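Welcome! Here is a short tour for anyone meeting this structure for the first time. Have a look at the sequence and the model below, and then read on.

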Amino acid sequence: MPGLRRVRTELLHVTLAFLGRVPDERLAEVIAACAEAASAQQPFAVTFDRAGRFPEGGSPHVVWLGMGDGATESAALAAAVRRALATRALPFDAKPYRPHLTLARVKDDADRPTARAIAAAAEGLRVPPLRFMAEAIVPFESVLSPKGPRYRPKAAVAIGRTA
């Protein structure tokens, strides 16, 4: 749709906690927090089965896929990651966790009719269930450039393994 900037396939992810800038010397603590949280849970099935937008009213900023199966487990994992980060005094964005996959962002210059069309399309979109197993937490570094963000995995922590 005009008015949308799609998220490139290789950048799709579910954010459990957003940390912002983390000094390199604290990366091991981030990974340890992820390992602690991952060890308390087993891998789980995830299904993305609905579409929506943020915010829910007014002009949309984001179009997303929502999580059905796995939402409870994902929320528990996000809470565990956030607790483990907090015990290590690692700051993170404390916005409430909303299990979703961002598909697109509304362009800043989108006019009102375009924004209304995007909102209606997101609300009316029917999604065939997309399933996978959540088996790892991957802390990423986001590198911003004029061509858009690039994510670099810093580790992969298996869910269900002892920290």
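## Surface and charge

The chain exposes about 10,000 Å², and carbon and sulfur atoms supply 56% of it. Accessible areas here come from the Shrake-Rupley method with a 1.4 Å probe, and for residues only the protein chains shown count as cover. This is a predicted model, in which local features need pLDDT of at least 70 and side-chain atom pairs count only at pLDDT 80 or more, while totals for chains, interfaces and linings use all residues. Residues are numbered from 1 along each chain as its sequence is written, and side-chain values use heavy atoms, with hydrogens and water left out.

The chain carries 23 positive and 16 negative charges, and their mean positions are 3 Å apart. Lys and Arg count as positive and Asp and Glu as negative, without His and the chain ends; each charge is placed at NZ of Lys, CZ of Arg, CG of Asp or CD of Glu.

## Overall build

Three helices and nine strands make up the secondary structure of the chain. Both kinds are DSSP runs numbered from the N terminus: helices are H or I with at least four residues, strands are E with at least two. Their order from the N terminus is β-α-β-β-α-β-α-β-β-β-β-β.

Among contacts with a separation of 6 or more, 71% join residues 24 or more positions apart; a contact means heavy atoms within 4.5 Å.

Helix α1 covers residues 27-39, and the distance of 18 Å between its end C-alpha atoms agrees with the 18 Å its 13 residues should span. The expected span is 1.5 Å times one less than the number of residues. V30, A33, C34, A35, A37 and A38 are buried in α1, and the buried residues of this helix pack against α2 (71-87), β6 (136-137) and β9 (157-158).

Helix α2 has 17 residues and reaches 24 Å, close to the 24 Å expected. Its buried residues include A71, L77, R82 and L85. The partners of the buried α2 residues are α1, β2, β3 (62-67) and β6. Just after α2, A89 takes a positive phi of about 55°.

## A strand residue up close

Is T47, with a relative accessible area of 4%, buried or exposed? T47 is buried, and sits in strand β2 (residues 44-54). Leaving aside residues up to four places away in sequence, T47 touches G66, M67, G68, D69, P129, L130 and R131.

Methods. Buried means under 20% relative accessible area, exposed over 50%, partly exposed in between (1.4 Å probe, protein chains only).
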